[in-house]
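Biologist: I would like to go through the labels attached to this model and hear what each one rests on.

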Amino acid sequence: MFDDLTELYHQLLLDHNKSPRNFRVLPDANRIAQGTNPICGDNYTIYAKMDGDVVQELTFQGSGCAISKASASLLTESLKGKTRAEVKAMFDKVRDLITTGHSDGDLGKVAALSGVHKFPARVKCALLPWHAVAAAVEGRGETVSTESEKE
Ligand code: ZN
């Protein structure tokens, strides 16, 4: 059972890397943030269209490794329609998932990232798009770098 699940997650990540969802510029975005991971060379721009407190549309552009791209793709799919508070709550859960392999609550497809914690060098790659979207949704139109994390 566990092996089946691992295989399923592996396939899901491969699929999201090969065919990333919402991989485009969003011309009417009203929140934009950059995320860079100099160690790996991941570099993404997250585009969000917020209507008040709600994420109406979420897209991304850029390049990087398979893990960062699959993570960004899963992120854009899972956060659309969420409020700012829900995005923050999701970010905290996903950070737990990526760093420990466990998280409270149902993360849906994002659970595919649960294996990343076994590869410490890839944790920053998987987290990068989530840092960027948190910055975008909070209106901090800044560049987020994995090398300036205070956590
Ligand atoms: Zn990477």
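Modeller: Start with Tyr-44, which is called buried because its relative accessible area is 2%, and buried means under 20%, with exposed over 50% and partly exposed in between (1.4 Å probe, protein chains only). This is a predicted model, in which local features need pLDDT of at least 70, side-chain atom pairs count only at pLDDT 80 or more, and totals for chains, interfaces and linings use all residues. Residues are numbered from 1 along each chain as its sequence is written, and side-chain values use heavy atoms, leaving out hydrogens and water.

Biologist: Why does Phe-23 count as partly exposed?

Modeller: Its relative accessibility is 31%, which lies between the two limits of 20% and 50%. Phe-60, at 0%, counts as buried.

Biologist: What makes Phe-23 and Phe-60 an aromatic pair, and why is the pair called edge-to-face?

Modeller: Rings of Phe, Tyr and Trp (its six-membered ring) pair if their centres lie within 6.5 Å; planes under 30 degrees apart count as stacked, over 60 as edge-to-face and the rest as tilted. Phe-23 and Phe-60 are 5.0 Å apart centre to centre, with 65 degrees between the planes, so both conditions hold. Phe-23 lies in the loop between helix H1 (2-18) and strand S1 (31-37) and Phe-60 in strand S3, so the pair ties together parts 37 residues apart in sequence.

Biologist: Why is the pair of Tyr-44 and Phe-60 called tilted?

Modeller: The ring centres are 5.8 Å apart and the planes stand at 55 degrees, so the angle falls between the stacked and edge-to-face limits. Tyr-44 is in strand S2 and Phe-60 in strand S3, 16 residues apart. Phe-23, Tyr-44 and Phe-60 form one aromatic cluster.

Biologist: How do you know that S2 and S3 pair?

Modeller: Two strands pair if DSSP finds at least two bridges between them, and S2 (residues 42-51) and S3 have 9, in the antiparallel sense. Helices (H or I, at least four residues) and strands (E, at least two) are DSSP runs, numbered from the N terminus.

Biologist: What makes S3 and S4 edge strands?

Modeller: The open sheet has 4 strands in the order S3-S2-S1-S4, with mixed pairing. S3 (54-63) and S4 (143-145) each have a single partner strand, so one side of each is left without a neighbour in the sheet.

Biologist: Is Thr-146 buried or exposed?

Modeller: Thr-146 has a relative accessible area of 4%, so the residue is buried.
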